[in-house]
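The structure comes next, and the notes follow it.

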Amino acid sequence: MKKFVIWGPKLHQDTFSYVHFGFYRSIESLGHQVSWYTDGDDISSVDFSDSIFIGEHQNIKDMPVLDDCTYFIHNIDCGPNVFKNVTRPNHPRYYNYIHFFDSFGECIWPDRSELTELEPNTFYHEKSKTVVIMWATDLLPEEIDQCEPALHEESIDNIYFVGTIQGNNILEFQKICNRHGKTILNVGGYTGKNSLYTGAPPDINSNINCIRNSYISFDIREEGHLKFGRYYPCRIFKNISYGKWTGSNNPLLADIFGEHFTCDDNLENLYDKLVSDSRQCTEEKMRSAMNFIRDHHTYVNRVKNFLEVLK
């Protein structure tokens, strides 16, 4: 049994708390000890010896850096020189981890011979102690198995969007949905408030129900992500795992999601194709997509990736 510490704002206090929530649940499910602290907490009586910390570089001001602990900190080194190990503390067990998008975007890849592929599209660069991962669903593998495919229901008029509606592309897609007589209802967002349910914090079960009871399910990327080619958003991993067929306006994501989602960079076409594919999606096809997420894209996979680096 390992001892883990999540360090960062508590659940619903910022967007990264949902990443940490995924890590927390997965660590616990694997039988390890896990606790969650944030800057400002009283840790004077806490024994952190031999712990594995997981944090995010903007919220680790008060995190104790101890010789016998291990650290996986998101974007502690970022930018073009991420693989040169230029800014993190001089600590033998201090690791940087980045999202796969970062390495395709502004980062300069090292020679591929320097990379160890932990699993498909997950890498470790030993020289700079950098782990390259993607986000994942917040469900555990067994929870995906327990979730029935939510097949298309033509009578539904509402489309629930869990996240923040901002940017021109998603607003344009909202108009397209409206022209087809469908209404997008926003749930949650970066403020940590659930705009649909009286300002209460979003809840994982209500989010799942919203996605499953939507006319269609989608993720729309704005130009900031599209110009780099690939950003693998947690929303697609989540929505598929919840049993709902999902689409995106970034066709390059097909290198990961393949036949398990709908894509088109033209928003009008995306709507039409997504409705058509949702109507034609069978229970067998949806379960195949869900199993793909279950096997490769839960935070259980990501925790195991970190542990493999430490072997």
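**Cavities, pocket and strands**

By class, five nonpolar, two polar and one charged residues make up the lining of the largest cavity. The classes count Ala, Val, Leu, Ile, Met, Phe, Trp, Tyr, Cys and Pro as nonpolar, Asp, Glu, Lys and Arg as charged, and the others, Gly among them, as polar. The model is predicted: local features need pLDDT of at least 70, side-chain atom pairs count only at pLDDT 80 or more, and totals for chains, interfaces and linings use all residues. Residues are numbered from 1 along each chain as its sequence is written, and side-chain values use heavy atoms, leaving out hydrogens and water.

**Cavities**

- Two cavities of 30 Å³ or more are found in a search of the whole structure. On a 1 Å grid over the protein atoms alone, a cavity is a set of points where a 1.4 Å probe fits but cannot get out, and lining residues have an atom within 4 Å of a point.
- The largest cavity has a volume of about 40 Å³, and its lining consists of A150, L151, H152, K244, W245, S278, C281 and M286. A volume is the space filled by probe spheres set on the points, with grid points joined across faces, edges and corners.
- The second largest cavity, at about 30 Å³, is lined by G8, P9, D14, F16, S17, H20, E56 and N59. Helix α1 (residues 16-29) gives the most to this lining, with three residues.

- Of its 13 lining residues, K2, D50, I52, T70 and L310 are the closest to its centre. A pocket is an open set with protein on both sides within 12 Å along at least five of seven lines.

**Sheet**

- Eight strands form an open sheet in the order β2-β1-β3-β4-β5-β8-β7-β6, with mixed pairing. Strands pair if DSSP finds at least two bridges between them; helices (H or I, at least four residues) and strands (E, at least two) are DSSP runs, numbered from the N terminus.
- β2 (33-37) and β6 (115-119) are at the edges with a single partner strand each, so one side of each has no neighbour in the sheet.
- Strands β7 (residues 122-125) and β8 (residues 130-133) pair in the antiparallel sense over three bridges, and F123 stands opposite V132 in β8.

**Parallel pair**

- β9 (residues 158-162) and β10 (residues 183-187) pair in the parallel sense over five bridges, with N158 opposite T183 in β10.
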